[in-house]
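Here is my notebook from a first walk through this structure.

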Amino acid sequence: MIEKIKETADFLKNQIGSKPVAGIILGSGLGGLVNSITVEKSFDYNEIPNFPVSTVEGHKGKFIFGKLEGKNVVAMQGRFHYYEGYSLQEVTFPVRVMKMLGIEYLFLSNAAGGLNKAFEVGDLMIIRDHINKFPDNPLRGKNLDELGTRFPEMSEPYSMELISKAKRIAKDNNIKFQTGVYVGSSGPTLETPSEYRYFRIIGADSTGMSTVPEVIVARHMNITCFGISVITNLAEPEDPNLATTHEEVQNVAETAEPKMTLIFKKLIASLD
Ligand code: HPA
């Protein structure tokens, strides 16, 4: 595993001029941030040794190096999902590679269902914590001691400092935001009415099929994380007419994307 990570990182290092300080992983319909990157070099996932290949509609599958707000960044346009059949080690492989390339920060976005009754479609939710409901943990198995400890502590999965900066940025720009807990589970099914209710009861405010594995692996390597859920649909257990479609998720994500992009850009601009 460690050899593969190094091989991939070396392949990329040989072709890029500068060391990225932040990694960015963009969710379904949320890839627009890459248009603000002054691209230095871009790779299709299938050109990168040891990379899995993304299969989902709406995911472009590119690893993009360049400058955003004067900072060197590496962005994933489209991520790997557990429901596509990858193991959680495969899903999180790019995060391992990003760390080897030098990132200190990881910014993540996802399209998510809203569980909190106060949420509206199109809201942004700053993620303050998560619950892992995947049937696995990406750190299961032999620990990569070179990269992190066997039992990583998870008291601050999402940086409190970045969260408070993000709130300030949202307020200053009149962007409505929520703050809450994201529950990640395998998919690809959306939740049954009872599963939505269950997730609400255990304390989650948004639900989706990503982010948690990447953040676990990032925290294992001591990367500072920040995440936003774009609420694309509301979990309405009592009303089957409000059932969610993938198209709806994509459309809402694309509409809300510029607000999310603004917060990411200004946060990245503020990094030292
Ligand atoms: N559930 C799970 N994942 C999702 C949802 C949802 O309601 N909306 C967007 N991604």
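Is Asn72 buried or exposed? I found Asn72 buried, with a relative accessible area of 18%; buried means under 20%, exposed over 50% and partly exposed in between, with a 1.4 Å probe and protein chains only.

**Ground rules.** I am reading a predicted model, where local features need pLDDT of at least 70, side-chain atom pairs count only at pLDDT 80 or more, and totals for chains, interfaces and linings use all residues. Residues are numbered from 1 along each chain as its sequence is written, and side-chain values use heavy atoms, with hydrogens and water left out.

**Asn72, continued.** I placed Asn72 in strand E4; helices (H or I, at least four residues) and strands (E, at least two) are DSSP runs, numbered from the N terminus. The side chain of Asn72 meets that of Lys67 in a polar contact of 2.9 Å. A polar contact is a pair of N or O atoms within 3.5 Å; within protein, one must be able to donate a hydrogen and the other to accept it, and residues adjacent in sequence count only if both atoms are side-chain atoms.

**Aromatic pairs.** I searched the whole structure and got 15 aromatic pairs. Rings of Phe, Tyr and Trp (its six-membered ring) pair if their centres lie within 6.5 Å; planes under 30 degrees apart count as stacked, over 60 as edge-to-face and the rest as tilted. Phe51 and Phe93 have ring centres 6.1 Å apart and planes at 75°, so I noted this pair as edge-to-face. Phe51 sits in the loop between strand E2 (38-44) and strand E3 (62-68) and Phe93 in helix H3 (residues 93-101), so the pair ties together parts that are 42 residues apart in sequence. I saw that both Phe51 and Phe93 are buried.

Next I looked at Tyr82 and Phe134, an edge-to-face pair with 5.9 Å from centre to centre and 90° between the planes. Tyr82 is in the loop between strand E4 (71-77) and helix H2 (88-91), and Phe134 is in the loop between strand E6 (124-133) and helix H4 (160-172), 52 residues apart. Tyr82 is partly exposed at a relative accessible area of 23%, whereas Phe134 is buried at 7%.

**Asp136.** I found Asp136 in the loop between E6 and H4 too. The side chain of Asp136 makes a polar contact of 3.2 Å with the side chain of Arg140.

An N or O atom in the side chain of Tyr196 is 2.6 Å from an oxygen atom of the ligand.
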